[in-house]
Amino acid sequence: MSSAYDKLQRILVLEKKQDCRNRAVFGGLNRFLVYWQKEAQQEAGEHRLSVGQIMALFDDYEAMSQEERAQTVTYVLGVLAEEAEAQATAQASPGPEAQGPKVVQPSEQEESLAEPAEETLADTSVEDSWHPATGGTGEQAEARVARRRGRPPAPPRAGETLSSPVGTLKGVGEVNAQRLKRLGIETIRDLIYHFPRRYDDFSALKKIQELQVGEEVTIVGVIQSVESFRTRNGTHVTRAVVHDGTAPIEVSWFNQPFLEKRLRPGREVVISGTVEQYLGRLVFNAPEWEPLQRQLLHTGRLVPVYPLTKGMRPRWLRRLMKRTLDTWVPRIIDPIPEEVLRSAKLFDLGMALRQVHFPSSYGALERARQRLAFDEFFLLQLGILAHRRIWRSQRGRALEIPWEAIREFVQGLPYMLTEAQDRAIREILEDMSRPEPMSRLLQGDVGSGKTVVAVAAMLAAVRNGLQAAIMAPTSILAEQHYRTVSELLARYPDIRCALLVGNLSEQEKARVQEAASAGRAHVVVGTHALIQDSVDFHRLGLVVVDEQHRFGVAQRAALRAKGGTARPHLLTMSATPIPRTLALTIYGDLDISVLDELPPGRQQVLTAVRDYRSRERIYAFIDGQIEQGRQAFIICPLVEESEVIDAKSATQEFERLQKEVFAHRRLGLLHGRMSDDDKERVMAAFKGGEIDILVSTPVVEVGIDVPNATVMLIEGADRFGLAQLHQFRGRVGRGAFKSYCILLADDPSPAAMERLSVLEQTTDGFMLAEKDLEMRGAGEFFGLRQHGLPELKVANLGDTETLEMARKEALALFNVDPDLSRPEHRLLGMAVRRFWSLPDLS
């Protein structure tokens, strides 16, 4: 080993002999390590424990308990001894290796652990700069800073746990507890997992004489003078002159009179902010500041910026967060098994939590985020796998598939099925032939022919003496399905279809309910009305859920429960193309069939991207289409005008168009704040031709077939994702008439226009979904909650590498301990249940 590492080993041996009382060197081990770090970095050679790793391991050594110190010292001595033995063996062996010591490469995990310690404030200092506090170099000053130690964090109060109310923490109180509650923070655990939304980079430490206007920097200096005064308009100003040995600078704060007592002349301070200019001289106005100390929270580092609420100050929350982390992080037991962390080369949980809140470098922040994102993906996948296992363990009905009847059904269609449709029918029927209940997602673009695939499965169920039910999110969609299914099954007079929706009369509802209960209705199409307690089925064998993301998990489970003791097969359908990685995450408990071909003869919608200069020509084009007997959609991003968002609103645009542009046409308005009955009434009027132009918010994204609608104008198109725009486009081109989609951008910047132009080039929904994920991220793609899954705080579904890694590790663990019942996995099982907000996995 190098002389620096030899010296460290001798000191640690002495420290261990003295029972780790931090007396092996004068001033303590941390003071020694400040100087040792410099010496070790100057020496050549690589070690199993890097310099940064050593510094990270002994960080806060003075605040550790004696037992923690002993564990740390013993571990480091053990590694150093192994390294010395390996070097001795290498030197004694013949061959080329005998020429020098064997270099043992540190693992990726070790190198990653070094990042936080190697990019500290001390490393960003200006070498050999005079420091006013000591008269020595900047390095010496920072060595003194590093020697300053705070008191050990106070232990938790008696009976306090991570689930305790956040109000029990010192300094919170009832008022602040209510403020924290508005941010969704009710427990100590909630606070620890309240992550920064961004970071201010105040890590660049500079001499005052080197400052330039507009820079965001940090300086360290001594306060020379302080004064307070009021301006003519009554503003209270506290002004200080700070000197760092190279030059002075004026620093001002406003309406904070208490600062005069804290900013005492001769006090060392750290100032972080933007350099400004006043009357030809450089100044700081209202910067962040704090006394020079070992651990900086508000300056001299990547400073966390948290979501706040009214009455809450950022500095208060930062201090509370730091105090809470210091107390609780050492006591948090990592639920992720050690072998998983080793395999995935991840930070330990304590390190990740510290670094995500108060990162010592961008590298450390990235590793912390990766660890926390992995946790979310890992817990998500374990929950999904558990749901899948529970579903498959239930008793289902194995169907005898009437292949001949299915062939006759397909051959009797007035069109040829695509290869994708044939493949999907085969996959679904094979699932239904098994004793465990099917749980499959049929995913296909608008117009890809999902309904006919579902009807083939319904036919198989009915020919086995069972019933089928299809649930749609709205009455209009249910009626549409009812007509389509009835037409496809019209050649089978023995198969009776029924419709059950909320707007039926009580007498009609009772008649349908009785037919379903008696088994005389073989296929029942409906809305949420299907899951009411008053609805029973005789022998429900297949459940089809259309636009399944519009239903909650409980609603889908309620319909499945109608099958009695033998669970019905479940087929869910979605017209939203979803990239494979997202589908694996969101629908990991389902098998997936994809319709990636459109039936021949499907109308292509001509798409054009335009800016505001084309508005009048677009209106004239729409008017011309209506003159020919067609109809049009106009989509607006908002319901009502907003002072915050500069975008068109549906209500204001409806009124303007009705009065100024299309006064001679019949306009309708549709938005999400309308009641379900009002929305359905407007949609029915548009479908019936009583409305020429429907002005709508994105609520129309997935809706009815209006074959006569040929124009889709989307205002503020740059505010929507490509996948969502593609869904809007799918509302037209459903008839025999040439159809058009016009994307009108609020922001006609080159980047916005280039992104929208992708829609001009392709109608492939899956390709657009992948592009959308790549360009906007999964957070913009859609929320998880609408799919019945927990929200992700850190993980980004576009991070396919971490997602795949978590999925692989979850599958491996689940295969050996699906119940998470082994002693070493019980904490993990609790974490899964907590993440899913479930009392248990069933």
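Q: How many bridges join strand 20 to strand 21, and do they run parallel or antiparallel?
A: Strand 20 (residues 709-715) and strand 21 (residues 739-744) run parallel and are joined by five bridges. Two strands count as paired if DSSP finds at least two bridges between them. Strands (E, at least two residues) and helices (H or I, at least four) are DSSP runs, numbered from the N terminus.

Q: What kind of model is this, and how are residues numbered?
A: The model is predicted: local features need pLDDT of at least 70 and side-chain atom pairs count only at pLDDT 80 or more, while totals for chains, interfaces and linings use all residues. Residues are numbered from 1 along each chain as its sequence is written, and side-chain values use heavy atoms, with hydrogens and water left out.

Q: Back to strand 21. Which residue there does Val-711 stand opposite?
A: Tyr-740 is the residue in strand 21 that faces Val-711.

Q: What is the strand order in the six-stranded sheet?
A: The order is 16-21-20-17-19-18, in an open sheet with parallel pairing. Strand 16 (605-610) and strand 18 (667-670) are the edges; each has a single partner strand, so one side of each has no neighbour in the sheet. On average, neighbouring strands of this sheet are turned by 15° against each other, direction ignored.

Q: Which strands does helix 23 touch?
A: Helix 23 (residues 676-687) packs on the sheet and touches strand 17 (631-635), strand 18, strand 19 (693-696) and strand 20. Contact means heavy atoms within 4.5 Å. The helix direction makes about 145° with that of strand 18. Axes are lines fitted to C-alpha atoms, for helices over the stretch in contact, and angles run from 0 to 180 degrees between N-to-C directions.

Q: And helix 25, which strands does that one touch?
A: Helix 25 (residues 750-761) also packs on the sheet, touching strand 16 and strand 21, and its direction makes about 170° with that of strand 16.

Q: Different topic. How many salt bridges does the count come to?
A: The count comes to 28 salt bridges, where a side-chain nitrogen of Lys or Arg must lie within 4 Å of a carboxyl oxygen of Asp or Glu.

Q: Which residue does Arg-239 meet in a salt bridge?
A: Arg-239 meets Glu-250 at 3.6 Å, N to O. The pair links distant parts of the chain, 11 residues apart: Arg-239 is in strand 3 (residues 236-243) and Glu-250 in strand 4 (residues 248-254).

Q: Is Glu-250 buried or exposed?
A: Glu-250 counts as buried because its relative accessibility is 16%. Buried means under 20% relative accessible area, exposed over 50%, and partly exposed in between (1.4 Å probe, protein chains only). At 22%, Arg-239 therefore counts as partly exposed.

Q: Where do Asp-326 and Lys-322 lie?
A: Both lie in helix 10 (residues 314-328), four residues apart, about one turn of the helix. Asp-326 is buried at 18%, and Lys-322 is buried at 11%.

Q: Now strand 12. Which of its residues point the same way as Val-523?
A: Val-525 does; Val-524 and Gly-526 point the other way from strand 12 (residues 523-526), and all are buried. In a regular strand the side chains alternate between the two faces of the sheet.

Q: How many bridges join strand 10 to strand 12?
A: Four bridges join strand 10 (residues 467-471) to strand 12, running parallel, and Ala-468 stands opposite Val-523. Strand 11 (residues 497-500) pairs with strand 12 in the parallel sense, over four bridges. There, Gly-526 is the bridge partner of Leu-500.

Q: Last one: what does Leu-282 touch?
A: Leaving out residues up to four places away in sequence, Leu-282 touches Leu-211, Val-213, Ile-249, Glu-250, Val-275 and Glu-276. Leu-282 sits in strand 6 (residues 281-285) and is partly exposed at 25%. From Leu-282 to Ile-249 is 33 residues in sequence and 6.6 Å in space, C-alpha to C-alpha.
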